[in-house]
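Please look at the sequence and the 3D structure before reading on.

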Amino acid sequence: MDKKGILSNWVVRNLLLALGLVLALLLAAIISLRVGTRHGKEIIVPDFTNMKLQEASALAARSKVRVEVADSVFVRRMEKGAVYRQDPAAGSRVKEGRRILLVVNAMNSKKVTMPNVVGCSMRQAKAEIVSRGLRVGKLIYVSDMATNNVLKQQVRGTDVRPGTQLESETRVDLVLGLDPEDNMTIVPHVIGLKTLAAEDVVHDYSLNIRRMVYDGSVQSYSDTLDAVVFRQTPEHSSGAARIGGEMTLYLTVDPDKMPSR
């Protein structure tokens, strides 16, 4: 049978039409799948940290992703309503339209109760203050028979009574005794420690932090928490220091600067 005869056969013709229809449907499905999933197209997630929600939403729209507030925290030193954390992290690769979950800094501060640490040792006072969600500020030394005995608890130079309601993370200054015959400590080694850990060690050695100096790699509040001390003055090798003295710490998140302890 010649080709013309085969094509004129209704069975063969219907089979060819059915095969063509299947191929067309398969091709349409593949195209639809590629369009629906934006196959091969990825977006680099922007950094929304420290932005107001309106700014983050505008940047998300330009970047073809979506943002949604998942939770809130209260960070005293951060602008209220600013983005504290995001998931996925900045720099991640995602599909267009991906939802980015944000944790924002609460608009209203959390209140905590001031404990009574007068009469405690400095270390006991520090542990109690931290457990209440507060932070130790300056160590102010005055002449007294008992070194590191807490004589007063203050906030911004004013005595604060036990039971007073304070914003969480408020810094509480401690007025401490200092025996003239017992007024020396040593300079601790804090290189390689993160910000809060370094601050804690400095206070444990009865010293204050004069300045925290962050290099150019530190761009956000979360960076300040992750930053590591790469230099300190005075140096640990300088030996003894007078109680109540000050240290300056230099911090970074640059892996090339981070020392190994």
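Eight nonpolar, two polar and seven charged residues form the lining of the second largest pocket, where Ala, Val, Leu, Ile, Met, Phe, Trp, Tyr, Cys and Pro count as nonpolar, Asp, Glu, Lys and Arg as charged, and the others, Gly among them, as polar. The model is predicted, with local features needing pLDDT of at least 70 and side-chain atom pairs pLDDT 80 or more, while totals for chains, interfaces and linings use all residues. Residues are numbered from 1 along each chain as its sequence is written, and side-chain values use heavy atoms, without hydrogens and water.

A pocket is an open set of points on a 1 Å grid over the protein atoms alone where a 1.4 Å probe fits, with protein on both sides within 12 Å along at least five of seven lines, and lining residues have an atom within 4 Å of a point. Each volume is the space filled by probe spheres set on the points.

| Pocket | Volume | Residues nearest the centre |
|---|---|---|
| Largest | About 370 Å³ | G137, R171, E199, I209 and R210 |

In the second largest pocket, α5 gives the most to the lining, with four residues; helices (H or I, at least four residues) and strands (E, at least two) are DSSP runs, numbered from the N terminus.

L134 is also in contact (heavy atoms within 4.5 Å) with residues including V112, M114, I129, L166 and V172, leaving aside neighbours within four places in sequence.
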